[in-house]
Amino acid sequence: MFTVEQIKSAHSLVKSGADFPAYIRTIKQLGVSHYETFVADGHIDYHGANDFSVTVPAKYDLMSIAEIPQMEVFKSELIVHQQGKTDFLTFIQMCASTGIEKWAIDMDQMTCTYFDKAGNEVLVEKIPE
């Protein structure tokens, strides 16, 4: 199975949203089946076969998540990030200010689903392969 160190090594190569598809391919090869990233503190829960999981601990100080999602702003800023025009921390701050609490990656479906604080799906995207 995969380790936190392997995950961190793969993630260290991600400089912008443009690097995300390569990151997904790498961790999928390690055996990650799905994971959840929590915007408030940056911790990530990675899951694999047979209920295996590891947690990458919080990366930054706790930030508050907006109560009311601002979907149009989120979607337009997400495109900017995916084009490689913002770094990861800028993206995280934008998620918090637009009401995104977490996102979940499903390696089988190759999707990224964003959720608001109420647990509602606000956007499902197909990850380029």
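Threonine 37 touches His43, Ile44, Glu101, Lys102 and Trp103, leaving aside residues up to four places away in sequence; contact here means heavy atoms within 4.5 Å. The structure is a predicted model, in which local features need pLDDT of at least 70 and side-chain atom pairs count only at pLDDT 80 or more, while totals for chains, interfaces and linings use all residues. Residues are numbered from 1 along each chain as its sequence is written, and side-chain values use heavy atoms, with hydrogens and water left out.

Threonine 37 lies in strand S1. Its relative accessibility is 2%, so threonine 37 counts as buried (under 20% relative accessible area; exposed is over 50% and partly exposed in between, with a 1.4 Å probe and protein chains only). Helices (H or I, at least four residues) and strands (E, at least two) are DSSP runs, numbered from the N terminus.

Turning to the sheet, six strands form an open arrangement in the order S3-S2-S1-S4-S5-S6, with antiparallel pairing; two strands pair if DSSP finds at least two bridges between them. Strand S3 (53-56) and strand S6 (121-126) are the edge strands, each pairing on one side only. From one strand to the next, the twist averages 15 degrees. Helix H2 (residues 20-30) packs on the sheet and touches strand S1 (34-38), S2 and strand S4 (102-106), its direction making about 130 degrees with that of S1. Helix H3 (residues 71-82) also packs on the sheet, where it touches strand S5 (111-115) and S6.

Strand S5 is largely enclosed by the rest of the structure, because five of its five residues are buried. Thr111, Thr113 and Phe115 cover one side, and Cys112 and Tyr114 the other. S5 pairs with S4 in the antiparallel sense over five bridges, and phenylalanine 115 is the bridge partner of lysine 102. These two strands form a hairpin with four residues between them, and methionine 110 in the turn has a positive phi of about 55 degrees. Five bridges also join S5 to S6, where cysteine 112 stands opposite glutamate 125.

Helices H3 and H4 (residues 88-97) pack at an angle of about 175 degrees, with their axes 10 Å apart; axes are lines fitted to C-alpha atoms, for helices over the stretch in contact, and angles run from 0 to 180 degrees between N-to-C directions. H3 is therefore roughly antiparallel to H4 (over 145 degrees). Phe74, Glu77, Leu78 and His81 of H3 meet Phe88, Phe91, Met94 and Cys95 of H4.

Methods:
Angles under 35 degrees count as roughly parallel, over 145 as roughly antiparallel, 65 to 115 as roughly perpendicular and the rest as oblique.
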